[in-house]
Amino acid sequence: MEKLLEEFSLGLFVWQTLLFVALLLLLKKFAWKPILDAVNERETSIKESLSAAEKARDDMEAVQADNKRILKEARSDRDALLAEAKTASIKIVNQAKEDAKAEADKITAQAQETIRNEKKAAINELKSQVASLSVDIAAKVLQTELKDQAAQEKFVSELVKEIEVK
Amino acid sequence: MLILLKRKSLFLLALLLTGVVYAKDKQENAENLSAKENQKKEIKEYIMHHLQDSYDFSLFSYTNDAGEHVYFEFPLPIIIWDNGLKVFSSSKFHHGDTVAEVDGNYYAISHNKIYKTDAAGTITPDEDGHATNIAPLDFSITKGVVSIMFTFLLMFFLFKSLADSYVKNGGIASGVGRFFEPIVLYIRDDIAIPNIGEKKHRKYMSFLLTVFFFVWFLNMLGLTPLGINVTGNIAVTLCLALITFLLTNLTGTKDYWLHIFDPLGSTMKWYAKIPLYIILIPIEVLGIFIKPFSLLIRLYANMQAGHIVLMSLIGLMFIFKSWLGSPLSFGLAFAISLIEVLVALLQAYIFTMLSALYFGFASEEHEHHDKIEAH
């Protein structure tokens, strides 16, 4: 301890204190403060950049998810449209078929009506011709075979009774 | 521990070899032995002289053919206050060999201190061997002060350039700053923040950084062949420890003082605390002073011891003067030098670390008390 005290030099202590405190204050102003500020600034900027990148990635993911969703929606829309079109086409085809059938039926019915009318007319024609022919034939037969008035009349009425128009 | 063991075993080996050499020397005559003893004494004096501060910056010295010491050195200014400021060159002392005459007053160096004497340079010692002459106030620019000034300039320009490089280089260090920036960050992230806390570490950062680099650089300067021993000087370590002491106690929070004068807090009734506090409070108060005192002694003793070991080993080379002993001492000195490079950094780290720890105590907040109550 005594040796320590003997070794102690006040001059060196004073110089050391002066120089060290001066160095401390100078470095504080010109070095440590700017250095620590710059480092802090750099660190916060790195942190911010990282969080910004993270955010950008999240945004990107959200956009991609959106795209996927939209694509999916479009696909389902398309499917729905297709299905609708299909049913519509089937419906139209069926409708057309029905219409065609109805038309055909109508035409058939009309044709049958016409045929029936024609047939009736033909039958009537035939009837009238047959009648006139029959009358002619009968007249000729009667002219030759029936001279007797009474027999003639009897015969005619019998004939008339026999004739049944169908 | 391993290093210590290794150091021990190497020492044993050295001792053994000394024995061998000594046995060989025994055969030589007594005159030669006394010459060897003279050499040992000279080396011891040289080491002691080196450990102390000096009034001139000597690079090396040799003995010429005429048998006188020739020094290769720079004289440094002597500044003393003795009824007025007196400034003169240290060359006037001729290494303490002569008396310096300034303005009709005579001064002489005794035990590395300047005393006022008469023209003959008489120093009158008391019964303990201390000089009783008047010692004028001495503010000389000694070798230590020159080294501190050099470190001052080195640190200022080094870290100023680092700070400027951030501005010039867009927030990224360039040049030599690239090496020092991680160290600055280490001190902030692994010394200051864990010990003091995120919130309060800022106001102590300047001191921690300055003291770390100051001690480190001066320790490293001490390993150069210039023979500087500043951090192994009690006045320098006292100054550094004193600043730690003042910063700790001037920035101490209410909790810090409460911890010293009321360490048990509300865990006990006041009348139960009185007998305990008769012992506890003096211990705590003593602790305020012991903490920085341990800082100053640790740094001083470590650097001093390192220099003694290193120089002794170098001195051994000249004592051995043999093919076996001298290379071995050289190898040992080399190994110790490498360890000293590590110690230089380690002591700077320990000083900074413990200062940060004490600042941490001083800036503690309430959560510490909650912990105590939880026990």
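## Salt bridges

Across all chains, a search of the whole structure finds twelve salt bridges, each defined as a side-chain nitrogen of Lys or Arg within 4 Å of a carboxyl oxygen of Asp or Glu. The model is a predicted one, in which local features need pLDDT of at least 70 and side-chain atom pairs count only at pLDDT 80 or more, whereas totals for chains, interfaces and linings use all residues. Residues are numbered from 1 along each chain as its sequence is written, chains are lettered from A and ligands numbered from 1 in the order in which they are written, and side-chain values use heavy atoms, with hydrogens and water left out.

## Pairs within helix α2 of chain A

The side chains of D37(A) and K33(A) form a salt bridge with an N to O distance of 3.5 Å. Both residues belong to helix α2 (residues 10-145) of chain A, where they stand four residues apart, about one turn of the helix; helices here are DSSP runs of H or I with at least four residues, strands are runs of E with at least two, and both are numbered from the N terminus. D37(A) counts as partly exposed because its relative accessibility is 35%, given that buried means under 20% relative accessible area, exposed over 50%, and partly exposed in between, with a 1.4 Å probe and protein chains only.

A salt bridge also joins the side chains of D66(A) and R69(A), at 3.8 Å from N to O. These two residues lie in helix α2 of chain A as well, three residues apart, about one turn of the helix. D66(A) is partly exposed at 38% relative accessibility, and R69(A) is partly exposed at 42%.

## A pair between the chains

R188(B) and E43(A) meet through their side chains in a salt bridge of 2.8 Å, N to O. Because R188(B) lies in helix α4 (residues 177-196) of chain B and E43(A) in helix α2 of chain A, the pair joins two chains. R188(B) is buried, with a relative accessible area of 6%, while E43(A) is partly exposed, with a relative accessible area of 28%. A network of salt bridges links E43(A), R188(B) and D189(B).

## Nonpolar surface patch

On chain B, L59(B), F60(B), Y62(B), F72(B), F74(B) and L226(B) make a nonpolar surface patch of about 580 Å². The elements that give two or more residues to this patch are β1 (56-63) and β2 (69-75) of chain B, and β1(B) gives the most, with three residues. Patch residues have over 30% relative accessible area and no salt bridge, with nonpolar side chains (Val, Leu, Ile, Met, Phe, Trp, Tyr) joined within 5 Å and like charges within 9 Å; accessible areas come from the Shrake-Rupley method with a 1.4 Å probe, and for residues only the protein chains shown count as cover.

F60(B), which lies in strand β1 of chain B, counts as partly exposed at 45% relative accessibility.

## Cavity in chain B

A search of the whole structure finds one cavity of 30 Å³ or more, and about 70 Å³ of space lies in the largest cavity. A cavity is a set of points, on a 1 Å grid over the protein atoms alone, where a 1.4 Å probe fits but cannot get out, and lining residues have an atom within 4 Å of a point; grid points are joined across faces, edges and corners, and a volume is the space filled by probe spheres set on the points.

The lining of the largest cavity includes T244(B), Y256(B), K291(B) and F361(B). Helices α6 (234-250), α8 (270-320) and α9 (325-362) of chain B each supply at least two lining residues, and α6(B) gives the most, with four residues. By class, the lining has six nonpolar, three polar and one charged residues, where Ala, Val, Leu, Ile, Met, Phe, Trp, Tyr, Cys and Pro count as nonpolar, Asp, Glu, Lys and Arg as charged, and the others, Gly among them, as polar.

Notes. 1 Å grid on protein atoms, 1.4 Å probe; cavity = no way out; pocket = protein on both sides within 12 Å on 5 of 7 lines; lining within 4 Å.
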